[in-house]
Amino acid sequence: MGIWEALAVFVAGIGAGTINTIVGSGTLITFPVLLATGLPPITANVSNSLGLVPGSVSGAIGYRRELAGQRRRVIRLGIAALVGGLAGAVLLIALPSKAFDTIVPGLIAVALVMVILQPRLSRAVQRHRERNDTDAHPDGGPVLLGGMLLASVYGGYFGAAQGVIYLSLMGLLLPEDLQRINAVKNILAALVNGVAALFFLFVADFDWTAVLLIAVGSALGGQLGAKVGRRLPPAALRAVIVAVGIAAIVHLLLG
């Protein structure tokens with residue numbers, strides 16, 4: 001990896017850590033950059049998963065005040081995140097490389113749809129609750145638990161827009177404001193990336209230069225995201241995620 005490629009990976013790590021802390025989808029920045037350096041898709045994915053763990057932890061620390069009173073919820077959903085993340089990591093190794101190359105563009109496309117539609121869906125559900133004078137389950141109930149389990153399987157497998165899916169599910173099913181939900185999301189993302197990375201350490205090949213660059217960059221980005229996340233216009237952030245996601249799809253399909 002040349003000096004300019006290393007710089008690009010480091011900067012991508014900062015951007016991913018920042019976006020992951022605020023919303024999610026940081027993998028849509030780091031993954032295509034790693035592919036552009038010449039790494040094979042699976043090596044890029046496992047290196048990215050390990051490198052983003054410090055960023056998720058950093059973001060969770062930055063949002064620690066919003067975690068107050070959510071211990072039971074974090075434990076409940078955290079167990080689902082660990083189980084799902086490990087299952088997704090196993091699927092990544094078990095499936096042939098060609099299957100991975102075929103599936104990923106579709107996963108990114110679904111993630112981008114979630115990015116675009118999540119605010120509209122959240123508003124629609126809120127209006128429905130207000131019309132029917134009903135309250136959401138305090139912990140989301142079995143529906144949220146099952147949804148988070150499946151989302152974590154996806155997160156362990158690839159992870160692009162994993163945070164966005166988490167926010168969408170919790171935003172629809174939990175009676176909490178976005179900042180408190182976001183704090184839980186950061187914890188769950190750290191658990192999924194951590195358990196997947198731990199599994200990959202024993203069965204996959206890493207590019208350790210990429211891991212180190214993303215780890216340092218994402219840790220810095222996690223703190224940056226926690227500080228500026230409430231000031232960044234959501235529409236602008238979604239536009240950046242969509243643009244990067246489209247670039248990733250084009251690169252995978254034409255690469």
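This is a predicted model: local features need pLDDT of at least 70, side-chain atom pairs count only at pLDDT 80 or more; totals for chains, interfaces and linings use all residues.
Residues are numbered from 1 along each chain as its sequence is written, and side-chain values use heavy atoms, with hydrogens and water left out.

Now to the helices, meaning DSSP runs of H or I with at least four residues, numbered from the N terminus. The chain has eleven helices and zero strands.

Helix α8, residues 162-173, packs against α9 at an angle of about 135°, with the axes 9 Å apart; axes here are lines fitted to C-alpha atoms over the stretch in contact, and angles run from 0 to 180 degrees between N-to-C directions. The two helices are therefore oblique to each other, since under 35 degrees counts as roughly parallel, over 145 as roughly antiparallel, 65 to 115 as roughly perpendicular, and the rest as oblique. Among the residues making this contact are Y166 and M170 of α8, and K185 and L188 of α9.

Which residues touch the most other members of the largest nonpolar core? In that core of 50 residues, they are Y166, M170 and F200, and helix α9, residues 178-203, gives the most to this core, with eight residues. Such a core is a set of buried Ala, Val, Leu, Ile, Met, Phe, Trp, Tyr and Cys residues joined through side-chain atoms within 4.5 Å, where buried means under 20% relative accessible area, with a 1.4 Å probe and protein chains only.

Notes: Contact means heavy atoms within 4.5 Å.
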